[in-house]
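Student: I would like to study the charged contacts of this protein. May we look at the structure together?

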Amino acid sequence: MAILSFRDVSFRFGGAPLLDSVRFTLEKGERVCLTGRNGTGKSTLMRMVLGEHEPDTGEIIQDSATRIAYLPQEIPDLPGTVAEIVRDGAAHHVQDGDWKIELEAERWIEKAGLPAEMAFSELSGGQKRRVLLARALASEPTLLLLDEPTNHLDIDSIAWMEDVLLSSGVALLFVTHDRAFLRRLSTRILELDRGRMYDWACDWDTFLSRKQAMLEAEEKNWSDFDRKMAQEEVWARKSPKARVARNEGRVRALQKMRDERSSRRVRQGAVQMQINEAERSGRKVLEAKDVSFWWGDRPLLKNIDTIVTRGEKVAILGPNGSGKTTLLRVLLGELPPKSGSIVTGTNLEILYFDQMRSQIDPEATVRDNIAEGRESVTIGGVQRHVVTYLQDFLFSRETALQKAGSLSGGERNRLLLARLFTRSANVLVLDEPTNDLDMETLDLLESLLVEFDGTVLLVSHDREFLDNVATSVLAIAEDGQVTEHVGGWSDWRREMNQREALEAAAQARKRPAAPTSEVPAATSPTTRKLSYKETRELESLPALIEKLESEQSSLGEAMADPSFYRKPADEIAKTNARLAQLETEIASAYIRWDELGG
C-alpha cells in the first residue's frame, strides 16, 4: 500500500509552475532519489509533503499511519543538549513512559557516537548532522525526507549514515549531489524537469543513458514539429485557399500548433564555464619538509613531508576537525608552520575556493560580485559583458541584479566559481567545491579539473568526485600524522583496508596459543603436521602474494596517470572493481599463510 501519493499536483511561485500535474506514489521501504537541476522545485516538493505548502490543484494523500521525519539542507539552531534533542525525537512514538524514551534516545546517541551532554550549539557541522539524523530515526518514521544529507559530513560519517539508513528499513525520499551515496541507497529515481515528474525504475547510470536518449528524441520531435509548423505558416500567409471554408480545419490545426509551441518549456541550457589558465608554473609547486602545526597545546598536523609538482591533482582527506583546511593554509603559506619549512615554486598564480564562500559579498548584487561595478570581464582573452557571462552560469538578467545573499546554496557556489574563473590561475585550491551543485554542473567541473594543465589542491567529501579528479592523496590521521598515497579515494581506502588486514594477521600471529596441557602433543592443533596438499599450498603462497601485489601496483600506477580518468566510465569501473577484488584476494592469502604457519 502506498504511504504517500501525489495526484495531479500543481504549484507555482509566479511564472511557470514548479510542479505541473505531478503524479507519483511511494511504497513502504522504498529508497527514492529526487533529482533535478537547481531551482526545479525539489525542496519545495519536500515542504509540500511536510504540509508547509498547499498545492494549487491536485491532492497529496498520506496513509493514516504514516509518520514523516525530515533532515533539512540547512542546519537549524537548536537549543539544548544532544540528549535532549534526540529524546525529543523518541518522544514522538514512545508512549509508555519516560524510561522507554530515555532508553531509545540513549540507543541512538550511542549508535551515532555523540557526546550526550554537550550543547548542540558547540558541535561541529558534521556532529550536528548526526544529531539531527539520530533525532529523526529515534521517532521511528515511516518516511524520512533528506535534503542534501551529506553536506558537512566527512567520508567516514557518510559511510556511517549509509549503513544506518540501509539497516533501518525506513522509506526514504532524498535529494543529493553525492553520486556514491545515491548509487548505494537508491532503489528508484524521480526526476523533476520543467515542472513535470519522470519516474525511472532503474539505477543512476541507466537513468543517465535513458535520459540522454529521451532528450535527443525530444529535440528531434521538436525539430520536426517546428519544420512542419513553418510550412503551414507559409501556406497560411501566401495561399488564398486558407480563407476558403473547406480549409478552416487546416487553419484551426495551425492555431493549435501555435498554442502548443507557445506553451513549450524549453530545457534550460547547461552551465558553460572555462578556466583561465595562466602561464605554466615551475616544475615544483611546493615542498613541505618535516612540517608540523598546532593550535595552542593541541598538535594538529605532524611531520609532513611532500612535494607537489606541476599538473598534480592532490586530494586532502581526513575526518571533520582533523585540520584539512588548516593543512591547505599551511601549504599555501597563509599560516606559518610551527616547525619545518614550506618552499613554494616559481610563477604561481593561485585561486582559492573557500567552503564558507567568504569571497561573496551578500549585500552586493550578483553582477557586482563578479565585475565590481565594471560592465565587462575578460574571459580567455576576450571581453564579455558581465550579464552575458553570468548567463553562462545560469543566472538570468533579473537574478544578476539581486543581492547575492538571496541566492540558494547551489547558486552561491556557482557564483563563486564564476567569480574565480574571471581570473587566470595555474594553481586551483578548492575547499568543498561540490556542496549543493547539481549533477550536470558537477560533471562539468570534474571535466575542467581533469583537463586543467595546472595544479589542483582539493578538499571534498564527494568520493566519486575525488576518484575522478585526484591523482594523489594526503591523508590526515586522528593523531595528526599526514601520509601520501597514489590515486584517489578508492585507492587510499583499499590501501587502508589491506593494511588493516595485514595488521590483524600480524596480531593474530603474536597472540599466545591456547593452553594444550590436556591435548596430546601429536594431536595439538598448533603442532599438527601439514598434509602434503597443505605443504604445497604453503610453498605456493609467497609467489601468489607477490603476483597479486605486483598486479595491484601496476593498476595503481596506471590510475595515478591523469589521462586514465579520461577513459570510458565502464573501463574505469572495471579497473576499480579489479582493484577491490585484488585487495580481498591479497588479504585472504595472508590470512591463509598465517593459518598454515607461514
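Student: With which residue does Asp 205 form a salt bridge?

Tutor: This is a predicted model, in which local features need pLDDT of at least 70, side-chain atom pairs count only at pLDDT 80 or more, and totals for chains, interfaces and linings use all residues. Residues are numbered from 1 along each chain as its sequence is written, and side-chain values use heavy atoms, with hydrogens and water left out. A salt bridge is a side-chain nitrogen of Lys or Arg within 4 Å of a carboxyl oxygen of Asp or Glu. The closest N and O atoms lie 2.6 Å apart, and the partner of Asp 205 is Arg 183.

Student: Which helices hold Asp 205 and Arg 183?

Tutor: Helices are DSSP runs of H or I with at least four residues, and strands are runs of E with at least two, numbered from the N terminus. The two residues are 22 apart in the chain, Asp 205 being in helix H7 and Arg 183 in helix H6.

Student: Which residue forms a salt bridge with Arg 183 at 2.2 Å?

Tutor: That distance separates the closest N and O atoms of the pair. The partner lies in helix H15, so the pair ties together parts that are 281 residues apart in sequence. The residue is Glu 464.

Student: Is Glu 464 buried or exposed?

Tutor: Buried means under 20% relative accessible area, exposed over 50%, and partly exposed in between, with a 1.4 Å probe and protein chains only. Glu 464 has a relative accessible area of 18%, so Glu 464 is buried.
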